[in-house]
Amino acid sequence: MRAAQAPRAWRRFFSLFHGWLAALVALALAGCGGQERPLTDLQYWNGFVGPDGNITEPILKDFESKTGARIEVQKMPWGIYFDKLISAIAAGNPPDVFVLHMSELASYAEMGALLPLDEYINSNDSFCPKADRIQSIWERACYKGQCYGVPLDIHLLGLYYNKDYFDAAHLPYPSVTEPLRGEQFIEIARKLTIQDKDAPTSNIWGFSFSGEPFRNFDTLLWQFGGNLLTDNLKQSAINSPEANKALQWMHDLVYKHKVSPMPEGVDTWQFFVQGRIAMITEGCWVLNGLTRYAKFRWGVAPFFLAGGTRAVWATGHVLCLSRNLPRERIPMALKLMKHLNDTGVMWSTSGMLPTRYSQIRSKEFLEQSRAIPFTSQLDRIRFEPASPIGIELRDRYQQTVFSCLAGLFPVQQALTRVDGQMNRTIETYYR
Amino acid sequence: MTGRTKNGLVNALFIAPYLALFLVWVALPAFFGVAISFTKWNIFTGEIGFVGLNNYLRVLSDDLFLRSLLNTFQYAALSVAAGNAVSFLLACGLAGGIAGRRFFQTIFFAPIILSIGVTGVIWGWLYNTDFGILNYWLQQTGLPRLNWLTNPKFAMISIVIMVIWAGAGFNMMIYLAGLLNIPKSYYEAAQLDGAGAMSRMIHITLPLMKHTFAFTLIISTIGAFQVFDQPYILTGGGPDYATYTYVYHIYSNGFRYFRMGYASALSCLLAAVIALFSFIQYKMLTRRRVDY
């Protein structure tokens, strides 16, 4: 009886699990087979999940038709993207080409994740003529004198405003090339603010900082003449009178002038779209989102000028190769990088700005009038310091800026506090 | 080979697929994680160096270690207690023979199928100080507005409320199964003896639900100690690190600052804390066996 049961049990076992085991084996084989992709099959990873993602499609199709290559694009939200990218590089199976932000490049380069590209893109002008490169931007793809990437674009902040509200308040629209002065801006924001406690649904804030607060803080800090770190990047410079002025200026908009709500979350631009805010500072990457969703007339102007120095926060997407990328895959990956950089004008319909003079001065680009407020600021763009622990330091002061604007700390106390935190972080790193 | 040995072998083969997956995806990485915690490991280049207990000693000088641990304890205490209370009450309501039980079961369970990303965005809007509907309702009833996510006193509570809304249905189903499993004859006998509703709850329901409580409380506590997505999406760990949880700290160190050795050490410490708490809870909740 038992002898008869055993074969039945075996059969049952295999009938239950044979499909599953086959799937496992297939998965394992697929994983092992990752290295054997033909050289013309390229993987391009990025975080362009917004409207910008659609713009890459014709660009890549064009590349495929010209070269016979096949591109597999992986688009993921940035948060997930970095987790997956790190794992892929660590596993020795990196994508052929991937995108980083300029602010992240130093950390990745310092860790040895990126392939130095000087010999490929700087040895001659065939990749991109040096005279055509907007040097201040291309330099940001370098770290400690070595080039680790090709800039895909540059993006910076601007002042978005609701034209209907300006008309209703009989206010002239801001210039598309000249920034509003600090006092002018506050006066306008005051006139646009409507706060009625009895009818809260009709309330309109004159202004709100949108996105992550550090971008606005950085801009104002530089405008007031301050810096985040000392020149050698080994000490915090945030506890300074200039930083105090910058943070106080932001704080006053909320608590003294009462023209702005406290920053909350990173999607404030959506409340602008709903008509609850009259002006916001946001990046050029929301241009397409606003075009699609805003049911009112809106415009863009340069970021206002609160301090004495013209400055605005900027960053850019950089195309990179992993140090683990097999050498035989490099030529085709470089071709793709060159193509993506060559088609900067087409990519600029995503709202981002090209990184070459010839593109930024081209007729096709200049026809995009909405880009003027951003291109007019290119002479004053500033980048976050290229510190290998820049991301950690930014996390630190972002919390403090946010907490100060939420009314948890007075300005000077917040700065003293974060100065200590940043210096401890730096000391621990360099110890 | 005897029939018994053959059967044993077959039984072993039945668990072999799970065991293989467990070894490959859980045991091996866990072992690897412990090993990494004694090293300085560059995840990109593979360079690795033994640093002894340095990663464990580093927690002493890390101001965010204690902060994140305390935040996690606070979250665990709030979410496990309140979450299970809500789930149990919902289950009691449904087990009491309410009309349309299946409908309500579905309604209460529905939020579980939403991704935490969607839930986080929705609740972020609800909680917004100036534009959120919760403050609008408070104002309409003459109450002051609350800074749900920007006041350190409320921020963690706000996250807990969201988590309860999103997850109470899961434990509710387990409690409901437990409650429906208690024979009605016990309640009928108690009623004949003159026991009131409260008395029946204390002397019949609660003792017989002991093992269900043990299961849900242990599972909820383990989950609570691993909380990450909710504060990551809703508050970014703020304001002033008030919702910065322990796993958030592990994630930041590992995947944002590339300190894999330190992140592994933090993970090992968390595993020890969870094991300790689970053991204590289990012992406390299963001290006496209850049979009727």
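Over all chains, the count comes to 22 salt bridges, a salt bridge being a side-chain nitrogen of Lys or Arg within 4 Å of a carboxyl oxygen of Asp or Glu. This is a predicted model, in which local features need pLDDT of at least 70 and side-chain atom pairs count only at pLDDT 80 or more, while totals for chains, interfaces and linings use all residues. Residues are numbered from 1 along each chain as its sequence is written, chains are lettered from A and ligands numbered from 1 in the order in which they are written, and side-chain values use heavy atoms, with hydrogens and water left out.

Q: Why is the pair A:E178 and A:R310 called a salt bridge?
A: The closest N and O atoms of A:E178 and A:R310 are 3.0 Å apart, and the limit is 4 Å, so the pair qualifies.

Q: What makes A:E178 and A:R310 a tie between separate parts of chain A?
A: A:E178 lies in the loop between α7 (163–168) and α8 (182–192) of chain A, and A:R310 in the loop between β10 (298–302) and β11 (312–315), so the pair ties together parts that are 132 residues apart in sequence. Helices (H or I, at least four residues) and strands (E, at least two) are DSSP runs, numbered from the N terminus.

Q: Why is A:R380 called buried, and why is A:D379 called exposed?
A: Buried means under 20% relative accessible area, exposed over 50%, and partly exposed in between (1.4 Å probe, protein chains only). A:R380, at 8%, therefore counts as buried, whereas A:D379, at 62%, counts as exposed. The side chains of A:R380 and A:D379 meet in a salt bridge at 3.1 Å, N to O.

Q: Why does B:D130 count as buried, and why is B:R145 partly exposed?
A: B:D130 has 16% relative accessibility and so counts as buried, while B:R145, with a relative accessible area of 36%, is partly exposed. Their side chains meet in a salt bridge of 3.5 Å, N to O.

Q: How do you know that A:P51 is partly exposed, and which residues does A:P51 touch?
A: A:P51 has 29% relative accessibility and therefore counts as partly exposed. A:P51 touches A:N288, A:G289 and A:R292, not counting residues up to four places away in sequence, where contact means heavy atoms within 4.5 Å. The C-alpha atoms of A:P51 and A:R292, 241 residues apart along the chain, are separated by 9.4 Å.

Q: What makes up the contact between chain B and chain A?
A: The contact takes 43 residues from chain B and 47 residues from chain A. The two chains bury about 4300 Å² between them, 63% of it on carbon and sulfur atoms; buried area is the accessible area (1.4 Å probe) that two parts lose on being put together, summed over both. In chain B, B:F14, B:F44 and B:F131 lose the most area to chain A, together 18% of what that side buries.

Q: How do you know that B:D240 and A:R417 form a salt bridge?
A: The closest N and O atoms of B:D240 and A:R417 are 3.0 Å apart, which is within the 4 Å limit and therefore meets the rule. The count between chain B and chain A is four salt bridges.
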